[in-house]
Amino acid sequence: MAAHCSLRAKRLLLDPKFEGYKLSLEPLACYQLELDAAVAEVKLRDDQYTLDHMRAFGMYNYLHLDSWYQDNVYYVDQFGRIMNLSVTLDTALQKPREVFRLPTDLTAYDNRLCASMHFSSSTWVTLSDGTGRLYLIKSGKRGNSTSEKWEIVFNEELGSPFTIAHSVSFVKFDTHSVAALLLRVEKDELDTKGSGFHITLEWVTIAEISKEGDHRYEILKRRVLQGKSVPHYAAIEPSGDGLMIVSYKPFKFMEGEDNKSAENDDAEATKEKKDPLYYWQQTEDDVTITVHIPEDITKDDIKVRFSPDNICVIVKDQPPLMEGKLYSSVDHESCTWIIRENKSLEISLIKKNEGPWWPELIVGDTRGEFIMDSSQCSEISESLMHLTSEVMNPNPEKENPPCNAQELEECDAFLEDSASLCRFDGDTLKVTHVINLGSNQYLFSVVVDPKEMPCFCLRHDVDALLWQPHSDQPENMWEHIATFNALGYVQASKQDKKFMACAPDYSYAALCECLRRVFIYRQPTPLATVLYNRKEGRQVGQVAKQLVTTLEANDPILGFQATSERLFVLTTKTLFLIKVNSGN
């Protein structure tokens, strides 16, 4: 059963007194590099007409940031060349250099998608040419022409065309593996009422196989998830043991021969589910437990041990029937037990603290069933009555009505108000954790630490909160690591926005429109001069700045990436570098 979780924001990272962004006219250094050949843009075909096609392929980011190396970006040009730009000094920019060339002639394919890549580690790359072929490449240390040498170690046709959503490199049981997530939008003949398409995420694991001294890479596992909307976020855990998906509509694993048996096992287990081991009731003062026992059991066969925080019930020298830590302390000297005529053991526990309701009897024990009597149900119903009503607004004359729809602005409305975040286990193929994101609109993802999963940014009220998944920390699986004040509200007003990003050090967030304009939102910084709030007359300690840059290009923006110092913006024929922060 999946655990329903929630995201806990850190109050120390929120600023309730944030006053907004001040438009700054300070000039930003902007450098541009003309490309030798145009970017290999693949426009949507006539049969790719749905919103999912637009989200998956029409809004594709053609510029790839290598988070393992500072200020290192890649793109694919129309000749199938993987081009790299590695920046050390803005005033001495080199032309993008070729690091690899796709072996296939892309112009020969009519139904291909855009080429895609993902940097699995500091020396491994997964690459797709957009025709349905996956390449695993050993790259050496990238960003340096002397050590970077891309070498194909695996390539295989994997069916219909796809783009690579994410990949990781890991070592398990002394075997090196690379796992990749492949995204497809496929025709669904059974879907007659919807768009006629469904989304698949194929989770492919490629492992190093050693046979008679021959080392080569082969596919170890292929698993497919299917859903009805393009995921906003999909990433494999660094260990390769699970994956996390943020999507508007849920995904589930498709039944293969191997997991059909698992489904059958689950069904059998459900059929064999036994009656509860015990039943329990409670009042404000005490707890009563009823346990059914065999008819031949006598009083001498039963041992019940009470302590202030624990209980142990043993029948006829068998392993304990009930044993464990009680939810709350009891007066153990006043606790009793008795055998009833219907051959049931009745145990009475006296609560040490009268009043508080126990949500469970023995901590972590799910073998019992709580029974609530009718009078308790009535009390709870009466206590909640004031929260419900049969009419929408029972008291319209009230000073503060619960909601006034006329006060909502257009940018407060969400197209998708029921997205969810799910964590899937790689062994059971089941959902282990679910978070209903509600109105927390997904904004963008960013890699802060390449050894961790990518972070995702969600709108919370007017702010944008950045969350870092920790797959190895069950108690802190999603950590709030940064806040971009009012960014949730600001981005909603940008009707033509195409891409969003932020610096890995959280110093700024940025978004770009489809053409030319780039908006940068800096975090609040202390002022060098004294500034007062005219309305309140108090001194302002720090100011957050908004900067706007207009690119000298008429081509649409195809790629957008942010590093701690620079913004990289890719158009069809030009790569722009915007110097946002000066290096330390």
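How many salt bridges does a search of the whole structure find? The search finds 26 salt bridges, a salt bridge being a side-chain nitrogen of Lys or Arg within 4 Å of a carboxyl oxygen of Asp or Glu. This is a predicted model, in which local features need pLDDT of at least 70 and side-chain atom pairs count only at pLDDT 80 or more, while totals for chains, interfaces and linings use all residues. Residues are numbered from 1 along each chain as its sequence is written, and side-chain values use heavy atoms, with hydrogens and water left out.

- K10 forms a salt bridge with E479, in which the closest N and O atoms are 2.8 Å apart. K10 lies in the loop between β1 and β2 (21–23) and E479 in strand β32 (residues 478–484), so the pair ties together parts that are 469 residues apart in sequence; strands (E, at least two residues) are DSSP runs, numbered from the N terminus.
- K10 is partly exposed, with a relative accessible area of 35%, where buried means under 20% relative accessible area, exposed over 50%, and partly exposed in between (1.4 Å probe, protein chains only).
- R97 and E148 also form a salt bridge, with 2.6 Å between the closest N and O atoms. The pair links distant parts of the chain, since R97 belongs to strand β7 (residues 97–101) and E148 to the loop between β10 (133–138) and β11 (151–157), 51 residues apart.
- Within this pair, R97 is partly exposed at a relative accessible area of 25%, whereas E148 is buried at 9%.
- D241 and K172 meet through their side chains in a salt bridge of 2.3 Å, N to O. This pair, too, links distant parts of the chain, with D241 in the loop between β16 and β17 (242–247) and K172 in strand β12 (residues 163–172), 69 residues apart.
- D241 is partly exposed, with a relative accessible area of 32%, and K172 counts as partly exposed at 30% relative accessibility.
- Salt bridges that share partners join D71, E565, R566 and K579 into one network.

- The side chain of K498 reaches the backbone oxygen of I557 at 2.8 Å.
- Not counting residues up to four places away in sequence, K498 touches M59, C512, E513, C514, I557 and L558, contact meaning heavy atoms within 4.5 Å.

**Strand β40 and its partners**

- Five of the six residues of strand β40 (residues 574–579) are buried, so this strand is largely enclosed by the rest of the structure.
- Strand β3 (residues 30–34) runs antiparallel to β40 and is joined to it by five bridges, two strands being paired if DSSP finds at least two bridges between them. The bridge partner of E34 in β40 is T574.
- Strand β39 (residues 566–571) is likewise antiparallel to β40, again with five bridges, and V569 has F576 as its bridge partner in β40.
- β39 and β40 form a hairpin with two residues between them.

- Five strands form an open sheet of mixed pairing, in the order β1-β28-β27-β17-β16. The edge strands, each pairing on one side only, are β1 (3–4) and β16 (233–236).
- Strand β27 (residues 419–425) and strand β28 (residues 431–438) pair in the antiparallel sense over six bridges, and R423 stands opposite H433 in β28.
- E237 is found in the loop between β16 and β17 and is buried, with a relative accessible area of 2%.
- A polar contact of 2.7 Å joins the side chains of E237 and R423; a polar contact is a pair of N or O atoms within 3.5 Å, where within protein one must be able to donate a hydrogen and the other to accept it, and residues adjacent in sequence count only if both atoms are side-chain atoms.
- Leaving aside neighbours within four places in sequence, E237 is in contact with V168, G242, L243, M244, R423, M453 and S471.
- E237 and E452 are 215 residues apart in sequence, and their C-alpha atoms are 7.9 Å apart in space.

Conventions. Helices (H or I, at least four residues) and strands (E, at least two) are DSSP runs, numbered from the N terminus.
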